[in-house]
Amino acid sequence: MTVGAPAKWGLRTLGLGYLALLLLAPVAMIFYKTFEHGIGPPLEAMTSSDAVHAIWLTLLMVAVAVPLNTVFGVGCALLLVRHRWKGNAVIDGIINLPFAISPVVIGLSLFLLYGSGGWFGPTLAEWGIEVLFSTPGMILASIFVSLPFVVRETVPVLQEIGTEQEQAASTLGASAWQTFWRVTLPAIRWGVAYGVVLTTARVLGEFGAVTIVSGSISGKTETLPLYVAKSFEQFNEQAAYAGAIVLALLAFTTLLLMSVGGRRAKSQSQTNPAGGT
Amino acid sequence: MAIAVEGACKRFGDFQALDNVSIDVPDSSLTALLGPSGSGKSTLLRAIAGLEDLDAGRVTIRGEDASAKPPQKRGVGFVFQHYAAFKHMTVFGNVGFGLRIRKWSKQQIDARVHELLRLVQLDGLAGRYPDQLSGGQRQRMALARALAIEPQVLLLDEPFGALDAKVRKDLRGWLRRLHDETGVTTIFVTHDQEEAMDVAEQLVVMNEGRVEQSGSATDLYEHPANEFVMSFVGEVNRLGEHFVRPHDMQIVLDADEGTVEAMIRRIVPLGFEVRVEVVLGDGTDVWAQLTRTELQRLELREGQIVHLRPSQAKSFSGDSSSDGHGASTPRGRQGGDDAEVSAAA
């Protein structure tokens, strides 16, 4: 489709205006509000013991949930793409559940399962394992809500690279394990990396499910998003804004690491000038 | 025999890809599996490499039953139509892959990879990535990679299929020379009969999952076992029950014993060779292949009534297609050379 110059500029303005109004303005507002009186107040808010605990707890969620979901996601994508069988459609549907179900409902379902009247709750309590209102439950919730991302990003890349490279590796003597590490994984790394970024962002920001299973106890089961919400409710706006900024910075750092890594890999492959005979 | 396949069967759903196929490939030979798409030639090659499991049958490589062995243990080098280059590795990394898997030392790998890159004329491009190479260069890299592990047999699946005509022709001659130099038993798959005849010593013609005939290019051309082989390895005219090659269709101006009356429909000059399309009395369209000199001597023109004298006509009585069932030796059956074909007129 071709459009004239005025229409082109009109569309651009509309697009940018939409983004500015809905995405940039709120984020900019948070930044403005946080640093309205300089760096002192937000710094002070973020060094309180509750805030520091919330940051550490959030990072712990990421450190546990993201690797687990990455390993599961890549394995599951391999299963879905490389081993065709009738059950695949069912597995595929189940993987999408976290996208379809509201996080609050996910939280409730975990509550029902692990609560004192649930299926697993009493048994686990006998063994001295507390799931609800403690870290294990929050990790379970985080894993649940962020499970589909790596699978969803890896499946199309796996389909695209096909099986010939893997077959070539096998004729050259590589075992299945060697083929995976040396051929398959490097070929799908961008899909996986993007899935990891999305998973990380989701775990960092998860609110609904974690609120329900954690009970949001300050200094104990309060992650950064919960901390922000609670501060806001208690009219401690300075802490809320500062917390929001830290969350944004963490997400931003993830994206940055990803794109810096990407550029390095790209420049590496371009050190030799192209040209053919 | 370097490679023997006995009674190979393979079915994909409703599709019978291989139907009781047996072939023998002599040591150090260069063999072509030739056939139209869907004839089972690639499936047979992949079965030899272990990339496809057979439903029935046996694959023997150098006297050892390889049927149950995984591809890693068969000692085959495999080259794919679309190169299957490891895109994240340099040319050096690609060619050295099998050696790293075999835990060779750095110096050994370095020496071997550079030796191979010289052999395939890619020295100097070791640091390139596959997407910085042309198609022909990529395929040569893939070949070097397959040769690096010193395979007992080299298998190539339509190796030139994705390349343009010029590069294709260069690589053919080049594969031929490479085979002469290395002496490794080689099988390659192609649907191009000219390519197969140009490169291979032995041809195995396949159709609908079966071997129709195998033998040298001359065998197949001169003594085709059936109609399929005759029409697949060259051009052919059908005159009733008989088959005649266009260059065996002599055009004469006067009727004689054994000639058929025909009208010239069209004359197509193709350089040295001229294609004369004629229609017979019963409406059959056939064509004759003449040289430019012959055409000038006869002073032929479109619309002219001439007489055809077919020679070397062949007929294949009975159900010829099932004759080739599992055939592994040339089975040329000549159906009456210089047969009278006046009945066709």
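**Strands, helices and chain contacts**

Analyst: Strand β12 (residues 242-244) of chain B pairs with β18(B) in the antiparallel sense over two bridges, where strands are DSSP runs of E of at least two residues, numbered from the N terminus, and two strands pair if DSSP finds at least two bridges between them. This is a predicted model, in which local features need pLDDT of at least 70 and side-chain atom pairs count only at pLDDT 80 or more, while totals for chains, interfaces and linings use all residues. Residues are numbered from 1 along each chain as its sequence is written, and chains are lettered from A and ligands numbered from 1 in the order in which they are written.

User: What is the bridge partner of F243(B) in β18(B)?

Analyst: That partner is K314(B).

User: And which strands stand at the edges of that sheet?

Analyst: The open sheet has three strands in the order β11-β12-β18 (chain B), paired antiparallel. β11 (237-239) and β18 (314-315) of chain B are at its edges with a single partner strand each, so one side of each has no neighbour in the sheet.

User: Switching to chain A, at what angle do α3 and α8 pack?

Analyst: Helix α3 (residues 49-82) of chain A and helix α8 (residues 135-146) of chain A pack at about 45 degrees, their axes 9 Å apart, with helices taken as DSSP runs of H or I of at least four residues and axes as lines fitted to C-alpha atoms over the stretch in contact, angles running from 0 to 180 degrees between N-to-C directions.

User: How many residues of chain B are in contact with chain A?

Analyst: 26 residues of chain B are in contact with 19 residues of chain A, contact meaning C-beta atoms, placed from the backbone, within 7 Å.

Methods:
Two residues are in contact if their C-beta atoms, placed from the backbone, lie within 7 Å.
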